[in-house]
Amino acid sequence: MSRRAAICAVAQTSYERDKWYLRQQGMGMEVVEQLIKATGLDFSEDRGIKQMVTVSDDLFDGRTISDSAMTDVVGAHYRCEEKVSQDGAQAVYYALSIILSGYEDVVMIVGHCKESQPSSRYLVSHMAFDPFFTRPVGLDYLAAAGLQARAYMNQAGVTEAQLADIVVRARRNAADNPKIKDLPAVTAQQVLASPMWADPIRQLMAYPVTDGAVGLIIASEERAHELTDKPVWITGAGNCYDDFFLGDRDLAGTANLQNAAARAYRMAGIKKYGKKAVDLVELSDQYAYQLPMWAEGLGLCGAGEGGAWLARGGPDKMRVNLTGGMLAGNPMMLGGLVRVAEAALQLRGEAGAKQVPGAKRAVAQGVTGPAGQLQTVVVLEN
Amino acid sequence: MAKNRNVGIIGIGQTVHSSHREEVNQPEMIHEAVELALKDAGMTMADVDCIVHGNMELFEMIHQPDMWHVIGDGAVGKPGLRITTGGTTGATLVCAADTLVASGMHDVVMAIGFEKLQEGHTTGGITNMADPLWGRELQTGALTGMTADAMIEEFGEERAKYAAMKHRLIMDQHAMLNPNAHRRFGFVEEMLPAMIANTPPLVGELRIVHMCSQSDGACAMIFASEKVVKKRKAKAAWVKDHVTVHREETFNLFGNVEEITTMRYAAQKLYERNGITDPRKQIDVFEMYDPSSWWGLDWIREFLMLEGDEHLKMVEKGEIGINGKFPINPSGGVVATNPIGATAMVRVAEAAMQIRGTAGAHQVKKPVKLALASGFGGTLWTVLVLLSKKRPKLAEK
Amino acid sequence: MAETKQELIDLRQILEIPQRFATGPVMGRFLRELRDNQRIMANRCPKCGRFQLPPREVCAICRVPVTEFVAVGPEGVIQSYDLVYYASPDPLTGKARQAPYTTVNVLLDGVEGKDTLWHLLNETDPKKIKRGMRVRAVFSETRTGSIHDIKYFEII
């Protein structure tokens, strides 16, 4: 009963501040066309795509049942489509289970999000808080991140100057990412001079408002070989929820991410992160402080060692976020799915200027909810 | 493509569904269902590996509600997933839980569907599914009189209206036997002519009494692997198969006749895969998602793949009654109880209760070996789930 | 010990998130033609030939992009209609709609296939409406590139 699942194709639109010229359907169509072209699949009843897993959010889309708008372009007319309304890495976890269950041999994932559509993406995330207590006190995901950032930086010895360097690095790396548009390089001084949004998070330390779409074709072992000569096996997936009220959590700690990573690593047959075991890491740094924080949770360095890890050049040495990460601009809902896509491109040898030669195994991570409340970790191998 | 592992439903919990649950907030309400499901399964939260959660968020306007709800559903420190597919959500969560257990990634998965419709506006929330550029001005939630018009044209006004109201009556008779049901009126046959003549219209011939409830409620179900079922000697309703069928973005119905409804298409596939050639004989009970009496009546023909007026005759003769030849919605159905994010799951839960023999006063008397449950939502999507008392035989590798 | 009944506090709010909906090239063209030329544009699937109204990016049945636009109407035939008595809130404005109102599915002249245009009919007396009646689109004086640029359909 040892079924395996592989990513057979990856597709992304460009990520821009404002894709005013396309609506959701248009973005999705671009992704689907690329996936069909890459694999030669159709939507026939026997060997075509019959199972779609979409990723979108009703509040972001301003539309109840946001996936009903996507039915046509994802080819789901008289087929099965299910919408994961969390970070897209969760869709990878679910798609893996669909293949392993034996129910289907081919799954197409298509996720989209337009952060430019609502007047403020923070107004959307503000609605994640309960109406009686956490919402009236003014929490949204930015404020929650600010609270976490302060607690974490104190504990891990991360400085503001280090955060600025993280942003500079992300933008420099993104210059080699053909999907990232309109992201100017910045200096550390510019980062430190940018307006304070939620202490200690300054504007340039936050991922920019972004629109885009991304998709994958995932198939069972028998189908994978006919769809691609470069299958990327999903060898591990794990996720874990933390508590809701920020005061009930150890905000500076990464227990839930460690839990998720442990599950994913165990499934992939690796004991823990090691530079020999893992060739590159894609993590969802929505805010600069999350680069060292999620690195701790994934085991790239010890708990509380984030600052020291940055100081000794950890991100470059461990090949973290080589194409800019989420800080370079991916919409919420898609960060983790884009991480999986970028990691898959590396393992297919298609990462261009940033290719890690001979890359064999990668770890990708996604976050959903306030201050990383839900963490998802995926392990990929070629 | 064949399922690798068997999955059994071993725990079911439902809140009492009501329009007056002001004494609980969302996580508290969910907690009730979770506790009942655990109790039913003889388990504690420690036995649950993963929680899948869903609803239709624009009713309550909570973004990512599963984040807040961890304080009530036990998901802290555990894996989970959130899937939302409109009205079909509850049934999709059943499929997801089944898939996760069948994959071997988890042994015990709890699925939770809920809605607190009193905290929003049901029809307004559903209207929000329409495209903001062209349909949202026009759609009136799930309300339409077009099916009634089509049936009146096909069968004549008197017969069609009577059959729809008879369907309503039978559903209420069933609801009266279900302590969890939301609306239980106590209708009797003698009232039908007055009801047909006097009930205020909502849209065309769709009248208030025909239309489903707007309920607050939650449902939790525990799905376990065969290994766990055996070890615990649990009474399981086995998930035999499921089919999900979506259709294009528009409603484009009535007057724009589809080649085939998603209901009939789903039924065709499911029956074919499971050797069902005579659904009325081989299936013992059907919990159908009936958003209105008109749809509930019309879709009997679609799900059972009938022609002509067979379905009207079934209703006129009372065959869909709890002691009838082919019981439909012994729970009272959606017209009696509709906490939308939970509703499609409640259909599966009620079907599972029939198999396990735990439906109490609304248990059908005949032995239940195969039960069917449907979910509805979106632009006329269908999710169809088949449960069996006997452990399914898995296909050879 | 007697239990004192707890007063239940509830919180009443109207929540709104302002939106700027993109139209994209396909819907955008449909709306522009309404505004500038008082023309109703459908698009035609290159594979099965069916028309879609409003035009959409793909033909869902054939799963191919649809790029050919064809002007249709402004007259057509009522395929079906709904007489809405229930005044529900409009999520775009937050206000309750004025009822009764009639929504109608019109099969416009020139359309190949069965796709109708969904719009309002300016008649709410059920005795005066019948399937098969001919209707005509009435355009608004001031048009902004919205579906409301067609004010309603009227019975001819």
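This is a predicted model: local features need pLDDT of at least 70, side-chain atom pairs count only at pLDDT 80 or more; totals for chains, interfaces and linings use all residues.
Me: Okay. How many residues of chain C are in contact with chain B?
Reply: On chain C, 29 residues take part, and they meet 33 residues of chain B.

Me: Which elements of chain C give two or more residues to that side?
Reply: Three strands of chain C do: β6 (75-84), β7 (101-108) and β8 (117-121).

Me: And which one gives the largest share?
Reply: That is β6(C), with five residues.

Me: What kinds of residues are on that side of chain C?
Reply: The side of chain C that touches chain B has 16 nonpolar residues, eight polar and five charged.

Me: New topic. How is chain B divided?
Reply: Into two domains. Domain 1 of chain B covers 7-122 + 214-237. Domain 2 of chain B covers 141-212 + 240-388.

Me: How far apart are their C-alpha centres?
Reply: The two centres lie 24 Å apart.

Me: How many residues does each domain put into the contact?
Reply: Domain 1 of chain B gives 38 residues, and domain 2 of chain B gives 31.

Me: Which elements supply the domain 1 side?
Reply: At least two residues each come from β1 (7-14), α4 (89-102), β4 (108-116) and β7 (216-225) of chain B.

Me: Which gives the most?
Reply: α4(B) does, with eight residues.

Me: And the residue types there?
Reply: Where domain 1 of chain B touches domain 2 of chain B, its side has 16 nonpolar, 18 polar and four charged residues.

Terms used:
Residues are numbered from 1 along each chain as its sequence is written. Chains are lettered from A and ligands numbered from 1 in the order in which they are written. Two residues are in contact if their C-beta atoms, placed from the backbone, lie within 7 Å. Helices (H or I, at least four residues) and strands (E, at least two) are DSSP runs, numbered from the N terminus. Ala, Val, Leu, Ile, Met, Phe, Trp, Tyr, Cys and Pro count as nonpolar, Asp, Glu, Lys and Arg as charged, and the others, Gly among them, as polar. Domain bounds come from an automatic or database domain assignment.
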